[in-house]
Amino acid sequence: MQNNKRSNLFTRIENWFKERIDVYEILDSFSSLTGFLYTELDKRLDIKDAIEKALKKPVPKHVNWMFCFGGITFLLFIVQIGTGILLALYYKPSPENAYESIQYIMNEVRLGWLIREVHAWSANLMILALFFHMLRVFFYGAYKSPRELNWIAGIFLMFITLTFGFTGYLLPWDQLSYWATTVGTEIAGGIPWMGKYILYVMRGGENITGTTLSRFYTLHVIVLPWVAAVFLGTHFLMIRRQGISGPL
Amino acid sequence: MTESEHKKITRRSFLDWLIRGSFLFTFLAVAGTIASYVWPPKPSRMKAGGGERTMIGSTDEISLGKGKVFMYNNKPALVIHTNAGFSAISAVCTHLGCIVKWDESRQEIVCPCHGAFFDTRGNVLTGPAPGPLPTYKVTVKDDKIYVGET
């Protein structure tokens, strides 16, 4: 009896809506992403076949979980974009304000600590996933002809990711980042003959100052994301063109 | 409620809605997190100086030559009683942010972490501290000690 009463209530709510709007028609076209893509958008853009071909491309039998690391790296990159944009809303890239703005994010902004920690953790995990991906590609011999260019694009992506990490490390502007950048730029300065010029350009002067912070920030939030996007695009296009490499 | 209406919810449609519900839940959790992050936080109470006037105790709690750590604007501060009267000084060491202590025998402020010493007005006497401790205005009224501007 209890159940029956409740059912009646739901029926009444349902009817209340039905009298006013055609709920089911809206739900049918928007109830799922495929529903929307295959009906409303397809009517206008004729994209159904293209989507089907992309989504239903068969995966070869020999593909196992080790082939996931590239995708994991890309997922973490997406996370970095999302959390990075959020951090940029409150971060202030100047020697006077950088450290304080991080304290503000950690202590005052709602869930700011979460966003910053997710950014820091997925940065580290991204490098881990990247190296597992590289190991998989290496030991499967997937870098061999005709995929040499994709290996090279991947190497560029590795250096881009490491530069992301190196530039992002300075941004908190605390002792750890200051000395890490001092050491890091000095390593670059150790390159024979041209090292001192590289160091001078990296630091924007003799020492690590506000200029260095501005440079690293620009690289971290403007230059590297776009360069990475271009290389990721070519990386993925080449996979589509050449297919996944064969079994061992 | 008839029998046929009951059959509207099939196992398939139930699972369908379960999946949609979990997608919606995930979406709302992420959107909620972002929305609460983007919404500007309340004006800070943590900023140093110019805070509200706070009553931190009565005069007989801190006899001559003694000091006490209390919270002022959510940050530790030190009130000391010397021959010059009561004075209030930030208790956050300017070196690395440790909480400084009042050394009764030396009548000086000392940081237990790296041995910075400050005089009763917060000026650095010795040690690694790069600058003086900020001081706050103290008023005594009806045997009560108040810190901060009115």
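Two strands pair if DSSP finds at least two bridges between them, and strands here (E, at least two residues), like helices (H or I, at least four), are DSSP runs numbered from the N terminus. This is a predicted model, in which local features need pLDDT of at least 70 and side-chain atom pairs count only at pLDDT 80 or more, while totals for chains, interfaces and linings use all residues. Residues are numbered from 1 along each chain as its sequence is written, chains are lettered from A in the order in which they are written, and side-chain values use heavy atoms, with hydrogens and water left out.

Begin in chain B by selecting strand S6 (residues 108–110) and strand S7 (residues 117–118), which run antiparallel and are joined by 2 bridges; within this pair, B:Ile109 stands opposite B:Phe118.

A nonpolar core is a set of buried Ala, Val, Leu, Ile, Met, Phe, Trp, Tyr and Cys residues joined through side-chain atoms within 4.5 Å, where buried means under 20% relative accessible area (1.4 Å probe, protein chains only).

Next, select strand S10 (residues 138–141) and strand S11 (residues 144–147) of chain B, an antiparallel pair joined by 4 bridges, in which B:Thr139 stands opposite B:Tyr146. The hairpin that they form has 2 residues between the strands, and B:Asp142 takes a positive phi near 50° there.

From here, move to B:Ser58 in strand S1 (residues 54–58) of chain B. Is this residue B:Ser58 buried or exposed? B:Ser58 is buried, with a relative accessible area of 14%, and, leaving aside neighbours within four places in sequence, it is in contact (heavy atoms within 4.5 Å) with B:Asp143, B:Lys144 and B:Ile145.

Finally, turn to chain A and select helix H5 (residues 69–88) and helix H7 (residues 112–139), whose axes, lines fitted to C-alpha atoms over the stretch in contact, come within 8 Å and cross at roughly 155°. That makes H5(A) roughly antiparallel to H7(A), a label for angles over 145 degrees. Among the residues that meet are A:Phe69, A:Leu76 and A:Leu87 in H5(A), and A:Ile115, A:Met126 and A:His133 in H7(A).

How values were computed:
Axes are lines fitted to C-alpha atoms, for helices over the stretch in contact, and angles run from 0 to 180 degrees between N-to-C directions. Angles under 35 degrees count as roughly parallel, over 145 as roughly antiparallel, 65 to 115 as roughly perpendicular and the rest as oblique. Buried means under 20% relative accessible area, exposed over 50%, partly exposed in between (1.4 Å probe, protein chains only).
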